[in-house]
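Visitor: I am new to reading protein models, and I would like to learn how to go through one feature at a time. Could you guide me through an example?

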Amino acid sequence: MFSCKSTCGPSDPTTDTVRINLPTPVENAPLVERWEVGEGKFVELHEGQRLVVGAPTKEEADGLIQQWEEKKAKEAAEAAAEEARLVAVRAEQARLAREKEEQELR
């Protein structure tokens, strides 16, 4: 039989405690985005890329996720197109400013 009474000191909860950080339950994870579809159906994106889907069946939930992903992809494409348009406008403004400066130097 093994006994550690002679070598082990008394227990100290402040030094003998092991802390484990478990992932936050999705109910407590901060909400990043919510997409309402109507009739009580929704897709919620929570911090940590966690999705919560409100739908009566798995098939409907899968469909909602697909629609949500398509919506997000369309929004990202529109944002990228707008950013490209703004870059082009700024480049044109810079070109016109350079031309005006060159004309003034002549």
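Visitor: Which residues make up the largest nonpolar core?

Guide: That core has five residues, namely Trp 35, Val 43, Leu 45, Leu 64 and Trp 68, and the elements that contribute two or more residues to it are S2 and H2. If we look at Trp 35, we find that its contacts beyond four places in sequence include Val 43, Leu 64 and Trp 68, as well as Lys 41, Phe 42, Gln 67 and Lys 71.

Visitor: Is Glu 44 buried or exposed?

Guide: Glu 44, which lies in strand S2, counts as buried because its relative accessible area is 12%, and the cut-off for buried is under 20%. The side chain of Glu 44 makes a polar contact with the side chain of Arg 34, at 2.2 Å, and among the other residues that Glu 44 touches are Leu 31, Arg 50 and Val 52.

Visitor: Which phi do Glu 39 and Gln 49 have?

Guide: Most residues other than glycine have a negative phi. Glu 39, however, has a positive phi of about 55°, and Gln 49 has a positive phi of about 60°. Glu 39 is in the loop between strand S1 and S2, while Gln 49 is in the loop between S2 and strand S3. Glu 39 is exposed, at 77% relative accessibility, and Gln 49 is exposed as well, at 66%.

Visitor: Where is confidence lowest, and where is it highest?

Guide: Where pLDDT is low, the predicted coordinates should not be read in detail. Here the mean pLDDT of the protein is 84, with 75% of its residues reaching 70 or more; confidence is lowest in helix H1, at a mean of 58, and highest in helix H2, at 94.

Methods: Residues are numbered from 1 along each chain as its sequence is written. This is a predicted model: local features need pLDDT of at least 70, side-chain atom pairs count only at pLDDT 80 or more; totals for chains, interfaces and linings use all residues. Side-chain values use heavy atoms; hydrogens and water are left out. Helices (H or I, at least four residues) and strands (E, at least two) are DSSP runs, numbered from the N terminus. Buried means under 20% relative accessible area, exposed over 50%, partly exposed in between (1.4 Å probe, protein chains only). A polar contact is a pair of N or O atoms within 3.5 Å; within protein, one must be able to donate a hydrogen and the other to accept it, and residues adjacent in sequence count only if both atoms are side-chain atoms. Contact means heavy atoms within 4.5 Å. pLDDT is the predictor's confidence in each residue, from 0 to 100. A nonpolar core is a set of buried Ala, Val, Leu, Ile, Met, Phe, Trp, Tyr and Cys residues joined through side-chain atoms within 4.5 Å.
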